[in-house]
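Q: I'm new to this one, so could you put it up and walk me through it?
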Amino acid sequence: MDGYLSKPLQIQRLQEAIEASVAGTAREAPPMSVPLPPHVAPPSAAGVWKPAEALARVAGNETVFAEIVHAFLQDLPTLLQELQSAVAAGDAERASRAAHRLRGSASFFEAEPLTKAAQRLEATARTGDLSGADGARREIEDEARRLAEALTIVQGRKR
Amino acid sequence: MKILAADDDPVWLRMIEAMIREWGDEVVTARDGSEAWQALTGPNRPSLAILDWVMPGMDGLEVCRRLRDDTESPYIYVLLLTARDSKADLIRAFDAGADDYIRKPFDPDELRARLRAAGRIMDLQAALLMAQGELRQQATHDALTGLLNRGAISEIFERELARAKREEMSVGVLLADVDHFKSVNDTHGHDTGDEVLRQVARRLQGAVRTYDLVGRYGGEELMVVLPRCDDESAFRIAERARAAVASTPCGSDPAVPVTISMGIATSRALGTFDANALVRGADAALYRAKNGGRNRCELATR
């Protein structure tokens with residue numbers, strides 16, 4: 001087990017995230033279990049994902065939304081690992097699939113930076129040439145981490 | 001409506017599952033193409049499949065193609081999920097047999113609208129299948145007795161003969177005729193005559209083996225096709241049927257004592273797999289049964 005969820009979803013935090021994204025202002029991030037690399041900005045919903053749109057995808061059902069966030073966070077390390085090993089092995093087919101999966105999940109959350117980064121790598125991988133894809137891969141990892149952190153705040157995951 | 005949702009992405013899979021459940025439909029999920037294929041070919045199949053295009057192993061397009069290759073089973077409506085939107089991709093999807101597609105990311109409203117459209121098509125198909133079934137029943141069955149009609153029983157007889165010839169087995173045919181049926185009609189009226197025919201049909205059906213086939217061959221003449229049957233068994237079955245009719249009067253108001261006469265022919269005894277020859281043989285035997293006093297069975301001989 002990677003962590004656990006406190007249910008129900010902390011609506012207040014989701015609300016805050018939504019407000020932050022609407023106002024475009026970053027709110028103070030709570031301390032993280034994993035220290036962020038220095039080049040990563042403090043997480044906030046703004047620009048990373050669109051909470052209101054994402055919640056609308058499940059017709060505002062917060063319980064289902066929390067489950068989906070949980071599923072995504074559980075799935076993410078495996079996906080990133082797969083992407084990393086595929087790029088390292090120069091396996092374009094596998095890299096394209098992993099990037100495609102990541103793009104799909106990211107699009108659910110309207111996480112534009114991650115969606116775009118994954119789309120770029122997917123397109124590159126489809127050409128069959130992965131040389132120079134490592135930068136794109138790192139970009140994906142950064143964006144994925146930002147999204148994960150932002151979702152973690154909303155989810156109210158215990159540290 | 002039972003719906004299958006197949007996606008290797010747990011995010012979208014959960015979303016689709018939760019929404020469909022909220023809308024009151026039954027939903028099963030699959031995490032890849034083979035799981036989807038199993039659900040679509042197993043017992044209690046869904047009538048609609050939401051398939052993600054890109055899945056490990058068998059992808060959505062392949063599942064769709066396989067579904068369309070199977071023309072025997074009831075139609076399954078396929079809604080393809082895709083992140084692609086090039087014209088060529090869409091044409092590929094429809095060529096594979098998809099009925100509709102939905103692009104990720106999508107909203108529940110769009111999904112619901114597409115499922116409603118699918119529901120309309122599936123309702124139409126269900127109505128069509130039912131009408132087809134009724135027509136088939138009407139085309140092959142006799143309205144009065146519910147037995148196979150002359151065309152259907154003749155066709156089955158031909159088919160059984162062809163099979164028996166291939167497998168070197170014997171087929172039997174019985175022709176049964178209600179004795180003095182005209183006088184039943186004349187004395188008691190046609191309603192009673194009809195009731196007598198229905199009862200004779202039911203008793204004949206009850207007396208033969210489960211895989212024997214009974215049809216109405218003419219006015220008061222019934223035919224039984226007896227697959228895998230030699231003279232001895234055919235005679236035994238015919239005697240059982242004759243006794244079943246003669247044992248109790250037919251109808252209740254009034255109860256009419258009724259008997260039947262039967263002619264029996266088997267391919268083994270007559271040395272032919274020709275339907276006409278066998279029917280002629282059974283008919284001649286029936287004639288002898290009538291002349292011999294009625295309420296009896298006669299075997300055709302070479």
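Q: How many helices and strands are there in chain A?
A: Chain A has six helices and zero strands, where helices (H or I, at least four residues) and strands (E, at least two) are DSSP runs numbered from the N terminus. This is a predicted model, in which local features need pLDDT of at least 70, side-chain atom pairs count only at pLDDT 80 or more, and totals for chains, interfaces and linings use all residues. Residues are numbered from 1 along each chain as its sequence is written, chains are lettered from A and ligands numbered from 1 in the order in which they are written, and side-chain values use heavy atoms, with hydrogens and water left out.

Q: And how much of chain A is buried?
A: Of the 159 residues in chain A, 48% are buried, meaning under 20% relative accessible area with a 1.4 Å probe and protein chains only.

Q: OK, which residues have the most contacts inside the largest nonpolar core?
A: They are W49(A), F109(A) and I50(B), in a core of 63 residues; such a core is a set of buried Ala, Val, Leu, Ile, Met, Phe, Trp, Tyr and Cys residues joined through side-chain atoms within 4.5 Å. Helix α3 (residues 62–89) of chain A gives the most to this core, with twelve residues.

Q: Switching topic, where is T115(A)?
A: T115(A) lies in helix α5 (residues 112–126) of chain A, and it counts as buried because its relative accessibility is 15%.

Q: What does its side chain reach?
A: The side chain of T115(A) reaches the backbone oxygen of A111(A) at 2.6 Å.

How values were computed
Buried means under 20% relative accessible area, exposed over 50%, partly exposed in between (1.4 Å probe, protein chains only). A polar contact is a pair of N or O atoms within 3.5 Å; within protein, one must be able to donate a hydrogen and the other to accept it, and residues adjacent in sequence count only if both atoms are side-chain atoms.
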